[in-house]
Amino acid sequence: MSGLEIERKFIVSKAKAFKSLAFAHQTIKQGYIPCQDATVRIRTKGDKSFLTTKSKSGSSFVADVERRIELLKKDLTLLAEKIAQLGE
């Protein structure tokens, strides 16, 4: 998925009432790679992993341009190894 993202945030009162309506849940693992002009996130949800970049659109209002690519398991493993080496 790529395109312009406009993020909206809402305050939900009585959040516990909404939890009872949930019918499924999924564990998400994610981490961020530090970059100067963008946000780079790696997220694993279920058996799929994605690398997502977000950067400012350059327009006068607050919006992000988001690009997402699916990572193969071997690519995710290689990327994790490279990031670990940077921390050494």
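**View 1. The largest pocket of this predicted model has a volume of about 160 Å³.** A pocket here is an open set of points on a 1 Å grid over the protein atoms alone, with protein on both sides within 12 Å along at least five of seven lines. Grid points are joined across faces, edges and corners, and the volume is the space filled by probe spheres set on the points. Lining residues, which have an atom within 4 Å of a point, are T44, G46, D47, K48, S49, E70, L71, L72, K73 and L76. Two or more of the lining residues come from each of β4, β5 (64-71) and α2 (73-86). Helices (H or I, at least four residues) and strands (E, at least two) are DSSP runs, numbered from the N terminus. By class, the lining holds 3 nonpolar, 3 polar and 4 charged residues; Ala, Val, Leu, Ile, Met, Phe, Trp, Tyr, Cys and Pro count as nonpolar, Asp, Glu, Lys and Arg as charged, and the others, Gly among them, as polar.

A note on reading these views: residues are numbered from 1 along each chain as its sequence is written, and side-chain values use heavy atoms, leaving out hydrogens and water. As the model is predicted, local features need pLDDT of at least 70 and side-chain atom pairs count only at pLDDT 80 or more, while totals for chains, interfaces and linings use all residues.

**View 2. Say hello to S49, a pocket-lining residue in strand β4 (residues 48-56).** S49 is buried, at 7% relative accessible area (buried is under 20%, with a 1.4 Å probe and protein chains only). Its side chain makes a polar contact of 2.8 Å with the side chain of T44; such a contact is a pair of N or O atoms within 3.5 Å, one able to donate a hydrogen and the other to accept it. Beyond its neighbours within four places in sequence, S49 is in contact (heavy atoms within 4.5 Å) with R43, T44, I69, E70, L71 and L76.

**View 3. Two hairpins link β2 to β3 and β3 to β4.** Strands pair if DSSP finds at least two bridges between them. β2 (residues 28-33) and β3 (residues 39-45) run antiparallel, joined by 6 bridges, and the hairpin between them passes through 5 residues. Here G31 has I42 in β3 as its bridge partner. The antiparallel β3 and β4 share 7 bridges, with V40 opposite T53 in β4. Their hairpin has 2 residues between the strands, and G46 in the turn has a positive phi of about 70°.

Terms used
Buried means under 20% relative accessible area, exposed over 50%, partly exposed in between (1.4 Å probe, protein chains only). On a 1 Å grid over the protein atoms alone, a cavity is a set of points where a 1.4 Å probe fits but cannot get out, and a pocket is an open set with protein on both sides within 12 Å along at least five of seven lines; lining residues have an atom within 4 Å of a point.
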